[in-house]
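Okay, thanks everyone, let me get the picture up on the screen. I'll go through contacts, then the surface, then the rings.

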Amino acid sequence: MSQEPLAHRNFFADLGQLSLEMRFEPEGQMTFTVVNGGGLVPDGYTETVAVTTQEIRPEVFLTSWKEESGATVTHLEDIERGQVYSRITEADGTPIALTGTIKPLD
């Protein structure tokens with residue numbers, strides 16, 4: 001398996017309350033842009049983060065990152081089935097669980 005299986009791939013994740021575009025880059029980087037922050041993050045907010053990616057099986061990935069705010073995010077992204085499971089821990093320790101859809105932008 002590639003060391004960077006998501007590099008150069010772009011996705012739209014709709015988690016109901018929160019939707020974002022995710023652009024995976026080489027060198028373990030990912031830039032996300034919030035389309036609809038749902039009160040969690042301002043609409044249009046963009047940040048580039050160091051992301052850890054593990055391919056579970058073809059087209060299923062476990063990704064995680066830490067944001068400037070101190071929030072940590074873990075996603076199980078099932079590209080094959082178009083599903084994403086998100087677990088966020090805000091900087092104050094508040095946990096948030098979101099589930100939704102993911103589709104390629106490529």
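So, before I start: when I say contact, I mean heavy atoms within 4.5 Å. And keep in mind that this is a predicted model.

Let's begin with valine 60, which sits in strand E5. What does valine 60 touch, if we leave aside its neighbours within four places in sequence? The list is Gln54, Glu55, Leu76, Glu77 and Asp78. Is valine 60 buried or exposed? Its relative accessible area is 6%, and the cut-off for buried is under 20%, so valine 60 counts as buried.

Staying in strand E5, which covers residues 60-66, we also find leucine 62. Leucine 62 comes out at 37% relative accessibility, so we call it partly exposed. Leucine 62 also belongs to a nonpolar surface patch, along with Ile56, Leu76 and Tyr85. That patch is about 320 Å².

A pair of aromatic rings gets described by the distance of the centres and the angle of the planes. How many aromatic pairs does a search of the whole structure find? Three. In one of them, phenylalanine 11 and phenylalanine 24 have ring centres 6.1 Å apart and planes at 75°, so that's edge-to-face. Phenylalanine 11 is in strand E1, residues 10-14, and phenylalanine 24 is in strand E2, residues 19-25, so the pair ties together parts 13 residues apart in sequence. Both of these phenylalanines are buried.

Next up, phenylalanine 32 and tyrosine 45: here the centres are 6.1 Å apart and the planes are at 50°, so this pair is tilted. This one links distant parts of the chain as well, with phenylalanine 32 in strand E3 (residues 29-36) and tyrosine 45 in the loop between E3 and strand E4 (46-57), 13 residues apart. As for cover, phenylalanine 32 is at 3% relative accessibility and so counts as buried, whereas tyrosine 45 is partly exposed, with a relative accessible area of 28%.

And where does Trp65 come in? Ring pairs join Trp65 with Phe32 and Tyr45 into a cluster.

Terms used:
Residues are numbered from 1 along each chain as its sequence is written. This is a predicted model: local features need pLDDT of at least 70, side-chain atom pairs count only at pLDDT 80 or more; totals for chains, interfaces and linings use all residues. Side-chain values use heavy atoms; hydrogens and water are left out. Patches are made of residues with over 30% relative accessible area and no salt bridge: like charges are joined within 9 Å, nonpolar side chains (Val, Leu, Ile, Met, Phe, Trp, Tyr) within 5 Å. Accessible areas come from the Shrake-Rupley method with a 1.4 Å probe; for residues, only the protein chains shown count as cover. A salt bridge is a side-chain nitrogen of Lys or Arg within 4 Å of a carboxyl oxygen of Asp or Glu. Helices (H or I, at least four residues) and strands (E, at least two) are DSSP runs, numbered from the N terminus. Buried means under 20% relative accessible area, exposed over 50%, partly exposed in between (1.4 Å probe, protein chains only). Rings of Phe, Tyr and Trp (its six-membered ring) pair if their centres lie within 6.5 Å; planes under 30 degrees apart count as stacked, over 60 as edge-to-face and the rest as tilted.
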